[in-house]
Amino acid sequence: MTHSFTEENYLKIIYHLSQRSAGTVQTNTIADEIQTKPASVTDMLKKLSDKKLVNYVKYQGVTLTAKGVEIAVNIVRKHRLWEVFLVDKLNFKWDEVHEIAEELEHINSPVLVERLDKFLGFPKKDPHGDPIPDRHGIFETLQFTKMSKLQTGDKGIVVGVSEHSSAYLKHLEKLGLTLGKHIEILEVADFDGSVELNVSNEKLNISREVARHILIKK
């Protein structure tokens, strides 16, 4: 059975939101995420429920069925593989690829995806440090701590980001806080949680809001 772009996007969004909440996703949360009316979300959830892709109970929220998870993870896999292709083979920057991959992830060709994976050398992570599920939908387990949770004296390596907006990624690029950089926390301000750190022998000061989206392997 084929599914529309909108249906696939809803499944992916529910999947990502469920990873954050570790449970049922509320209709209003989905509406806020995609900036639409809750009534429109409810209509789509009913359609997905009829197709056995979600478990939806009015006023109680929604979860993905096993089939819904399978489709969502496959979309995530395609999205992240295309991001690797765009950065590694076409020389796009990491802040330029998200919207393009949003289009490419809907190409429905399992053969193409498997050949793309092989062509890229079976990458485990995308350009933002997010794990790429394999053909069986299995993710590599990543161990990380948000930079905002680190204490003075802690050291580590930047392994990912949890914010993929172009503006945020460009900001990190300007600061030199990209994947693979070694960092040391010099001071965490009691007043506002801002962080002073050492990156490649240079001192930087960043806000708590910036720090909370940077993932560090200690």
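V97 lies in the loop between α4 and α5 (98–104) of this predicted model, where helices (H or I, at least four residues) and strands (E, at least two) are DSSP runs numbered from the N terminus. With a relative accessible area of 0%, V97 is buried, a term that stands for under 20% relative accessible area, whereas exposed stands for over 50% and partly exposed for the range in between (1.4 Å probe, protein chains only). Leaving aside neighbours within four places in sequence, V97 is in contact with E83, L86, V87, F92 and H128, contact being defined as heavy atoms within 4.5 Å. V97 and H79 are 18 residues apart in sequence, and their C-alpha atoms are 9.6 Å apart in space.

Residues are numbered from 1 along each chain as its sequence is written. Because the model is predicted, local features need pLDDT of at least 70 and side-chain atom pairs count only at pLDDT 80 or more, while totals for chains, interfaces and linings use all residues, and side-chain values use heavy atoms, with hydrogens and water left out.

Two packed helices are described by the angle between their axes and the distance between the axes. Helix α1 (residues 5–21) packs against α2 at an angle of about 115 degrees, with the axes 11 Å apart; axes here are lines fitted to C-alpha atoms, for helices over the stretch in contact, and angles run from 0 to 180 degrees between N-to-C directions. The two helices α1 and α2 are therefore roughly perpendicular to each other, given that angles under 35 degrees count as roughly parallel, over 145 as roughly antiparallel, 65 to 115 as roughly perpendicular and the rest as oblique. From α1, the contact involves Y10, I13, I14, L17 and R20, and from α2 it involves T29, I30, E33 and I34. These residues of the contact of α1 with α2 divide into 6 nonpolar, 1 polar and 2 charged, where Ala, Val, Leu, Ile, Met, Phe, Trp, Tyr, Cys and Pro count as nonpolar, Asp, Glu, Lys and Arg as charged, and the others, Gly among them, as polar.

The axes of α2 (27–34) and α3 (38–50) come within 9 Å and cross at roughly 110 degrees, and α2 and α3 are therefore also described as roughly perpendicular to each other. Their crossing is right-handed, and the contact is made by T27, N28, I30, A31 and I34 of α2 together with P38, V41, T42 and L45 of α3. The residues of this contact of α2 with α3 comprise 6 nonpolar, 3 polar and no charged. In the loop between these two helices lies Q35, which has a positive phi of about 55 degrees although it is not a glycine; Q35 is exposed, with a relative accessible area of 76%.

I30 touches Y10, I13, I14, L17, V25, V41, L45 and V62, not counting residues up to four places away in sequence.

L150 is placed in the loop between β3 (145–146) and β4 (155–161) and counts as buried at 3% relative accessibility. Although L150 and I216 are 66 residues apart in sequence, their C-alpha atoms are 8.9 Å apart in space.

Helix α6 contains D117, which counts as buried at 7% relative accessibility and which, leaving aside neighbours within four places in sequence, is in contact with R77, L81, F122 and P123. F122 itself lies in the loop between α6 (110–119) and β3, counts as partly exposed at 46% relative accessibility, and has a phi near 55 degrees, a positive value in a residue other than glycine.

How values were computed:
Left-handed = near helix turned anticlockwise from the far one by under 90°.
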